[in-house]
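Okay, thanks for coming, everyone. Let me put the chain up on the screen.

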Amino acid sequence: ATCPTSNEACQLHNKYNSSASSTYVANGEAFSIEYGSGSLSGFLSQDTVRVAGLTISNQVFAEAMLEPGTSFVYSNFDGLMGMAFQQISNDDVVPPFYNMWTQGLISQNLFSFYLARAGTSDQGGEMILGGSDPSYYQGELTYTPISEQGYWQFSLDGATIGGQTMCGDGCQAIADTGTSLIVAPYYAYIAYMNVVDPDGDELVDCSLISSLPDMEFVIGGTTFSVPASQYILNSEGQCSPAVSYMGTDFWILGDIFIGLYYTEFDMGNNRIGFAPVA
């Protein structure tokens with residue numbers, strides 16, 4: 001896109017140039033989206049899109065022309081690829097993963113994520129399109145059905161911290177690679193803070209990490225633990241809570257959780273699976 005010179009985020013990143021593409025098809029429908037942090041707007045276009053050696057024909061995507069604020073100015077990425085269900089797709093655009101499956105580019109209607117927690121540029125995490133890699137996880141995946149198609153949403157059997165109930169049977173959660181930390185519903189957040197940061201000053205004594213209890217999530221009858229070393233951030237000796245409240249009535253299990261538990265997003269069977277990383 002030929003974004004204005006005032007658009008700093010655009011100027012600092014790789015750009016799509018439709019005039020350089022022989023397979024470009026103009027669409028032009030207006031597009032705008034709000035994320036948990038940041039928003040953007042622009043218009044839709046269509047072209048051939050290549051991802052991980054797969055060539056998707058006739059993929060509609062958005063050309064971002066305006067990104068208010070600084071969220072995208074210093075980001076390491078040039079774009080965003082939505083991997084959730086079409087039900088929440090802006091302008092009802094067919095997501096790339098749907099097209100990969102319907103165009104026969106992958107052998108199974110599922111994808112999975114392994115997030116390397118201490119990764120390097122050549123030994124990083126992986127998004128696996130059309131399958132899972134058992135070498136990245138231990139034992140078998142525990143599956144639970146998707147409770148509502150939109151986000152990758154499912155029911156928790158329960159969640160506790162140090163014997164305190166954070167959520168009862170049936171409370172909702174989504175798994176989201178696009179969220180770095182963990183987001184909790186209000187009452188769960190209060191229970192967490194009572195244990196971790198009772199005075200609510202957003203600071204935790206780093207020496208307490210070794211003695212604080214695990215957070216435990218029960219999913220599909222299996223308990224998935226998140227230790228204090230993960231649910232507390234330690235930035236050069238300054239420790240703070242890694243669980244926040246953002247006004248949702250559901251949990252968002254972000255990269256902290258997915259970094260501990262390999263996650264398979266099984267669209268074909270309408271389920272999600274987790275297993276401890278190898």
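Before the cysteines, here's the rule I'm using: a disulfide is a pair of cysteine sulfur atoms within 2.5 Å. And keep in mind that this is a predicted model.

The Cys206–Cys239 link is right-handed, with 115° about the S-S bond. This pair ties together distant parts of the chain, 33 residues apart: Cys206 is in the loop between H3 and strand E12 (215–219), while Cys239 is in strand E15 (residues 238–241).

Are those two ends buried or exposed? Cys206 is partly exposed, at 23% relative accessible area. Cys239, on the other hand, is buried, at 2%.

Okay, on to the packing. The largest nonpolar core has 57 residues, and among those with the most contacts inside it are Tyr192, Phe217 and Trp251. Helix H3 (residues 186–196) gives the largest share of that core, six residues. Where does this core lie relative to the domains? Domain 1 (8–103) and domain 2 (111–276) both contribute residues, so the core lies between them.

There's also a second, separate core of nine residues, including Ala9, Ile33, Leu44 and Phe72.

That's my tour; happy to go back to any of it.

Notes: Residues numbered from 1 in each chain as written. Predicted model: local features only at pLDDT ≥ 70, side-chain atom pairs only at ≥ 80, totals over all residues. Heavy atoms only, no water. Core = buried A, V, L, I, M, F, W, Y, C linked by side-chain atoms within 4.5 Å. Buried < 20%, exposed > 50% of the residue type's maximum accessible area, 1.4 Å probe, protein only. Helix = DSSP H or I, 4+ residues; strand = E, 2+ residues; numbered from the N terminus. Domains from an automatic or database assignment.
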